Amino acid sequence: MEIYRILFDQIEWHSPQPGVRFKVRRDESKQVRLVEFTSEFVEGEWCEKGHAGFVLTGELEVDFGGQVVRFPEGAALLIPAGAPHAHKARAVTSVVRLFLVEDIV
């Protein structure tokens, strides 16, 4: 019944730009990702996607249009989708690892 279990150790890393990589498992409407940011990651565009997740290691800082919120190791995050919640993330520590659950749009 592998449709219910996700073994991240068996999934390849994808690296869309310097300083970020992720492993992903998708179904019809949701995806789960193991995401790793390093201090070299710079988010060029404001992200308007929704995210729910948990900081596994490190500390993440998220800028919501000038309001900066820190998410230390062990913190959960719940960011709604849409322009009013546009955000940019950056690693405060040298490496940040997150587990995220997201809608596929």
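In strand E9 (residues 95-103), Leu98 is the bridge partner of Val55, strands here being DSSP runs of at least two residues, numbered from the N terminus. The structure is a predicted model, in which local features need pLDDT of at least 70 and side-chain atom pairs count only at pLDDT 80 or more, whereas totals for chains, interfaces and linings use all residues. Residues are numbered from 1 along each chain as its sequence is written, and side-chain values use heavy atoms, with hydrogens and water left out.

Strand E4 (residues 51-57) and E9 pair in the antiparallel sense over five bridges, two strands being paired if DSSP finds at least two bridges between them. E9 also pairs with strand E3 (30-38), again in the antiparallel sense, over nine bridges, and within this pairing Arg33 stands opposite Leu100. In a regular strand the side chains alternate between the two faces of the sheet.

E7 (residues 76-79) has a covered face with Leu77 and Ile79 and an uncovered one with Ala76 and Leu78. When neighbours within four places in sequence are left aside, Leu77 is in contact (heavy atoms within 4.5 Å) with His51, Ala52, Gly53, Val55, Leu60, Phe71, Leu98 and Leu100.

Leu77 is also among the residues with the most contacts inside the largest nonpolar core, together with Val35, Phe37, Leu60, Phe71, Val96 and Leu98. This core has 18 residues, a nonpolar core being a set of buried Ala, Val, Leu, Ile, Met, Phe, Trp, Tyr and Cys residues joined through side-chain atoms within 4.5 Å. Among the strands that each supply at least two residues of the core are E3, E5, E7 and E9.

Strands E5 and E6 are joined by five bridges and run antiparallel, with Phe71 in E6 as the bridge partner of Leu60. In the hairpin of these strands, which has two residues between them, Gly65 takes a positive phi near 60°. Val69 lies in E6 (residues 67-71) and counts as partly exposed because its relative accessibility is 26%; residues up to four places away in sequence not being counted, Val69 touches Leu60, Glu61, Val62 and Phe64. Arg70, also found in E6, is partly exposed, with a relative accessible area of 46%. The C-alpha atoms of Arg70 and Leu60, ten residues apart in sequence, are 5.8 Å apart in space.

The largest pocket has a volume of about 830 Å³, and of the 37 residues that line it, Arg33, Cys47, Lys49, His51 and Glu102 are the closest to its centre. On a 1 Å grid over the protein atoms alone, a pocket is an open set of points where a 1.4 Å probe fits, with protein on both sides within 12 Å along at least five of seven lines, and lining residues have an atom within 4 Å of a point. Grid points are joined across faces, edges and corners, and a volume is the space filled by probe spheres set on the points. The lining divides into 22 nonpolar, six polar and nine charged residues, where Ala, Val, Leu, Ile, Met, Phe, Trp, Tyr, Cys and Pro count as nonpolar, Asp, Glu, Lys and Arg as charged, and the others, Gly among them, as polar.

Key
Buried < 20%, exposed > 50% of the residue type's maximum accessible area, 1.4 Å probe, protein only. Helix = DSSP H or I, 4+ residues; strand = E, 2+ residues; numbered from the N terminus.
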